[in-house]
Amino acid sequence: MKKIYKLLFLLTFQLSLSTEIDSLSNNPFSALPHFSYDILEDCDACGCSASGGSMGFASMLNTNFIGIRYFNQSYKSTDGLYSNSPWYNENFNTLQLWARIPVANRIQISALLPYHFHNRETNTGNQNSSGLGDVTILGMYQLFQTHKDSTLFIHSLQAGAGIKIPIGKFDELNNGSVNPSYQVGTGSWDYLLATEYVIRRKQIGLNTLLNYVIKTENDKKYRFGNQLNYAGTFFYLHQKNNYSFAPQLGIAGEVYESNYQLGQKVRNTCGDILFGKIGFELGKEKLSFGANFMLPITQNLTGGNVEANYRWSLNFNYSL
């Protein structure tokens, strides 16, 4: 319930921000940048079946686009049975087709189709897992945007909902591992709630994000815990001729509730993590290239038995 109250408070805060007096310049990107939706990608605690909680769901320079993205997440884990228990490396890799397409006035649909190829060390040798991941579809509605005759600030507020379709395989044998999220799919239908608020003054702006994933039990009687994601990103938008450049700097956080198996809470599966992130996007006409890198600031995952090392991503987009 505490996570629900936190979600409602942050939603109210974002809605209150949108009532400020605002503005819009004649910048060709005045449709406003849309930064990463902080989880909307089938990520579960500890990197998991994951696309990566804070690696993003949308492009900065391309409001509507189709593209391809690669990202990597590095973790280490231990069983924690003894003070000198060994730590093992885990790497989650994802190649993803992603798109954001307008379907009506004020409405956009985002879609993600990931292919995962993960590998990790174990006490009996290396282990690999690969395959198609779960498909995510999200609809966003623009609740508010600055009038075109404004001259001071740019404001934009969007909210939406989506669904994650269980296409990826869920391996029941991984439930008992230190990191039960070492999967290519969760096997469950999950539901997404999302908000995004952007404020910009000339070339400088701030993007805030809030997302919540409601997860259901799969046919193996396993349910990953619900997940709250939030982020704040400062950005600078520079344009010259047909080129655009947008460096970014900010933070992103994820909060995981406990997993359940056969209706019983699974110990040491809840946690939280806060990242610092830096990145950029570079565009020319309809093409753009982006890169992001994230390092943990604080973390407490699975009772300290899993630690995140870093995350990074690359993407190429074509503007529609």
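Reply: Glu-217 is partly exposed, with a relative accessible area of 40% (buried means under 20% relative accessible area, exposed over 50%, and partly exposed in between, with a 1.4 Å probe and protein chains only). The model is predicted, so local features need pLDDT of at least 70 and side-chain atom pairs count only at pLDDT 80 or more, while totals for chains, interfaces and linings use all residues. Residues are numbered from 1 along each chain as its sequence is written, and side-chain values use heavy atoms, with hydrogens and water left out.

Glu-217 has a charged partner, Lys-221: the two form a salt bridge whose closest N and O atoms are 4.0 Å apart (a side-chain nitrogen of Lys or Arg within 4 Å of a carboxyl oxygen of Asp or Glu). Lys-221 is partly exposed too, at 43% relative accessible area. The structure holds six salt bridges.

Another of the salt bridges joins Lys-76 and Glu-307, at 3.7 Å from N to O. Lys-76 belongs to strand 1 and Glu-307 to strand 17, so this pair ties together parts that are 231 residues apart in sequence (strands are DSSP runs of E, at least two residues, and helices are runs of H or I, at least four, both numbered from the N terminus). Lys-76 is partly exposed at 28%, and Glu-307 is partly exposed at 29%. Lys-76 also lies over the face of Trp-87, at 5.3 Å from the ring centre (a charge sits over a ring if NZ of Lys or CZ of Arg is within 6 Å of the ring centre and within 35 degrees of the ring normal). Arg-69 does likewise with Trp-98, lying over the ring face at 4.0 Å from the centre.

Tyr-310 in strand 17 is the bridge partner of Ser-74. Strand 1 also runs antiparallel to strand 2, joined by 13 bridges, and here Phe-65 stands opposite Arg-100 in strand 2.

Arg-311 lies in strand 17 and Glu-254 in strand 12, so parts 57 residues apart in sequence are tied together. Arg-311 is buried, at 1% relative accessible area, and Glu-254 is buried at 0%.

Leaving aside neighbours within four places in sequence, Ala-308 is in contact with Ser-74, Tyr-75, Ile-273, Phe-275, Pro-296, Gln-299 and Leu-301 (contact means heavy atoms within 4.5 Å).

The last topic is the aromatic rings. The structure holds twelve aromatic pairs (rings of Phe, Tyr and Trp, its six-membered ring, with centres within 6.5 Å; planes under 30 degrees apart count as stacked, over 60 as edge-to-face and the rest as tilted). One of them, Tyr-115 with Phe-117, is tilted, at 6.4 Å centre to centre and 35° between the planes. Tyr-115 is partly exposed at 35%, and Phe-117 is partly exposed at 34%. For Phe-170 and Phe-224 the centres are 6.2 Å apart and the planes at 85°, so this pair is edge-to-face. The pair links distant parts of the chain, 54 residues apart: Phe-170 is in the loop between strand 6 (154-165) and strand 7 (190-201), and Phe-224 in the loop between strand 9 (222-223) and strand 10 (227-236). Both Phe-170 and Phe-224 are buried. Ring pairs also link Tyr-115 and Phe-117 with Tyr-70 and Trp-312 into a cluster.

How values were computed: Pairing = 2+ DSSP bridges.
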